[in-house]
Amino acid sequence: MVILETTFKELNKAVKKNLTEKQLNEILFNLGLELDSVEKNNIKIEITPDRPDLLSTQGLARALRSYLGLKNEKYKIKKSGETIKVINTNKEWPYAVACIVKGLNLDNEKIKEIIRIQEKLGATFLRHRKKGGLGLYPLEKIKFPVTFTSLEPDKIKYRPLEYQEVITGKEILEKHPTGKTYKNIIKNWEKYPVFLDADNSVMSMPPIVNSHNLGKINEKTKNVFIEATGTDLKTINLAFNVLRSWVEIEDPNI
């Protein structure tokens, strides 16, 4: 079982209906789910492995609205006109999928939830990032076309997320907290996966860490580039589709 952590306030806001603890518990039971714990406004819900779409507040809200006969949003989907090149990837990490999402209405709680979802997906379906990695980037900072490729560790140079200086890919695995946590995934590879924008600026080194300059979203971010990379196309597509469906979008364009 995987635990979804949310609040009554955020869940009821997403469902657009004020559910009581008793009502929520009954609906979850009928959906084959379980309310794990309630502590004031905070709730934890057990999500079964076959329902990764429910790992976010918005994903669960869509299921609850369907159960209650309420209308769900319809998103407008169209081609963005932008491209991502997947070239010269290393055999250990060959696949990438991506999209653009516009019209976000972010706040501090939603950003925290993005991080929670990424961590849950990374720990469960992506097997602690061994199967894949996920990334979000503020669209206005990226120049297209974007390239997903691989480079020798010492040729990858950028400022990783929440770090104070530019370092190499190899140094990230030794110095950056996230790099040290996940270094065993890629440390023995001859080349490391990397996203580059049209200016050859490093966006991230999947599945380790984003660039601080190009890969950090905040409450002012309205449009994002979302990607998933990894070892198996089916697995990363699953995680990718869960991630890109989390947020309440005012005017979505994918």
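Let's start with the sheet: three strands make an open sheet in the order 1-3-2, and the pairing is antiparallel. At its edges sit strand 1, residues 2-7, and strand 2, residues 34-39, and each of them pairs on one side only. Neighbouring strands here are turned by 20° against each other on average, ignoring direction. Please keep in mind, as we go, that this is a predicted model.

Let's look at one pairing in that sheet. Strand 1 pairs with strand 3, residues 42-47, in the antiparallel sense over 6 bridges. Within that pairing, leucine 4 stands opposite isoleucine 45 of strand 3.

I'd like you to find leucine 60 on the screen. Setting aside neighbours within four places in sequence, leucine 60 is in contact with Leu4, Leu11, Leu28, Leu33, Ile45, Asp53 and Leu54.

Next, the aromatic rings. The count comes to 5 aromatic pairs. One of them is tryptophan 93 with tryptophan 189, a tilted pair at 5.9 Å centre to centre with 45° between the planes. This pair links distant parts of the chain, 96 residues apart: tryptophan 93 is in the loop between strand 4 (84-86) and strand 5 (95-104), and tryptophan 189 is in the loop between helix 6 (177-186) and strand 10 (192-196). Are these two buried or exposed? Tryptophan 93 is buried, at 0% relative accessible area, and tryptophan 189 counts as buried too, because its relative accessibility of 14% falls under the 20% cut-off.

Another tilted pair joins tyrosine 137 and phenylalanine 225, at 5.8 Å centre to centre and 50° between the planes. Here too distant parts of the chain are linked, with tyrosine 137 in strand 6 (residues 132-138) and phenylalanine 225 in strand 13 (residues 224-230), 88 residues apart. Tyrosine 137 is buried at 0% relative accessibility, and phenylalanine 225 is buried at 2%. Ring pairs also link Tyr137 and Phe225 with Phe144, Phe148 and Phe195 into a cluster.

One more ring to point out: the charged end of arginine 129 sits over the ring of tyrosine 182, 4.0 Å from its centre.

Let's finish with two hairpins. Strand 10 and strand 11, residues 202-205, run antiparallel and are joined by 2 bridges. They form a hairpin with 5 residues between them, and asparagine 200 in the turn has a positive phi of about 65°. Leucine 196 has valine 202 in strand 11 as its bridge partner.

Strand 11 is also joined by 2 bridges to strand 12, residues 209-210, again antiparallel. These two form a hairpin with 3 residues between them, and methionine 205 stands opposite valine 209 in strand 12.

Note on methods. Residues numbered from 1 in each chain as written. Predicted model: local features only at pLDDT ≥ 70, side-chain atom pairs only at ≥ 80, totals over all residues. Heavy atoms only, no water. Pairing = 2+ DSSP bridges. Helix = DSSP H or I, 4+ residues; strand = E, 2+ residues; numbered from the N terminus. Axes fitted to C-alpha atoms, helices over the stretch in contact; angles between N-to-C directions. Phe/Tyr/Trp six-rings, centres within 6.5 Å; stacked < 30°, edge-to-face > 60°. Buried < 20%, exposed > 50% of the residue type's maximum accessible area, 1.4 Å probe, protein only. Lys NZ or Arg CZ within 6 Å of the ring centre and 35° of its normal. Contact = heavy atoms within 4.5 Å.
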